[in-house]
Amino acid sequence: MAVADAVAQHGIVCLSTIDWDFLWQRQQELMSRFARAGIPVLYVEPLGVRTAGLADAARIVRRLRRWMGQRSHSSAEVRPGLRRLSPFAVPVQGRRSIDRLNTWLVARRLRQTCRAMGMAAPILWTYYATHAVLGLADAGAHFAAVVERY
């Protein structure tokens with residue numbers, strides 16, 4: 001069995017550091033190519049890498065509007081085989097209780113969306129390792145993790 005066939009059976013969940021609609025970069029390019037190759041992809045927009053401040057207000061409002069506008073908070077298809085998910089997460093990092101809450105919120109949405117996409121045990125592809133992201137790998141969500149460094 002070819003590697004691409006094996007990956008296609010699982011699909012990819014990409015935890016990105018940039019929003020899908022932001023300046024086109026490596027994350028969008030790679031995930032688009034995987035989708036074109038027949039590998040199902042769920043592109044998860046950033047959960048946050050630091051505690052939000054006043055300068056982040058416009059981005060937070062935009063994300064809340066997008067999240068609230070999603071029918072049943074489902075993912076949106078941006079290309080054939082590639083869906084975008086903007087999960088709700090509290091914009092605070094490094095507080096144990098909030099990290100646990102974010103892990104629970106995001107893991108729940110990921111499991112629901114992956115199930116709807118037919119991905120039983122997707123590969124988790126991430127570009128950063130915050131408490132919430134590491135918690136997802138430990139949350140029993142049946143992910144194999146790939147951390148890409150620049």
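Biologist: What should I know before I start?

Modeller: The model is predicted, so local features need pLDDT of at least 70 and side-chain atom pairs count only at pLDDT 80 or more, while totals for chains, interfaces and linings use all residues. Residues are numbered from 1 along each chain as its sequence is written, and side-chain values use heavy atoms, with hydrogens and water left out.

Biologist: Which residues of strand 5 are buried, and on which sides?

Modeller: In a regular strand, side chains alternate between the two faces of the sheet. Strands (E, at least two residues) and helices (H or I, at least four) are DSSP runs, numbered from the N terminus. Buried means under 20% relative accessible area, exposed over 50%, and partly exposed in between, with a 1.4 Å probe and protein chains only. In strand 5 (residues 123–126), I123 and W125 are buried on one side, and L124 and T126 are buried on the other.

Biologist: In which sense do strand 1 and strand 5 pair?

Modeller: Two strands pair if DSSP finds at least two bridges between them. Strand 1 (residues 12–15) runs parallel to strand 5 in this pairing, with four bridges. Opposite V13 you will find L124 of strand 5.

Biologist: How do I read a pair of aromatic rings?

Modeller: Such a pair is described by the distance of the centres and the angle of the planes. Rings of Phe, Tyr and Trp (its six-membered ring) pair if their centres lie within 6.5 Å; planes under 30 degrees apart count as stacked, over 60 as edge-to-face and the rest as tilted. This structure holds three aromatic pairs. W20 and W24 have ring centres 5.2 Å apart and planes at 80 degrees, so this pair is edge-to-face. W20 is buried at 6% relative accessibility, whereas W24 is partly exposed at 39%. Ring pairs also link W20, W24 and Y43 into a cluster.
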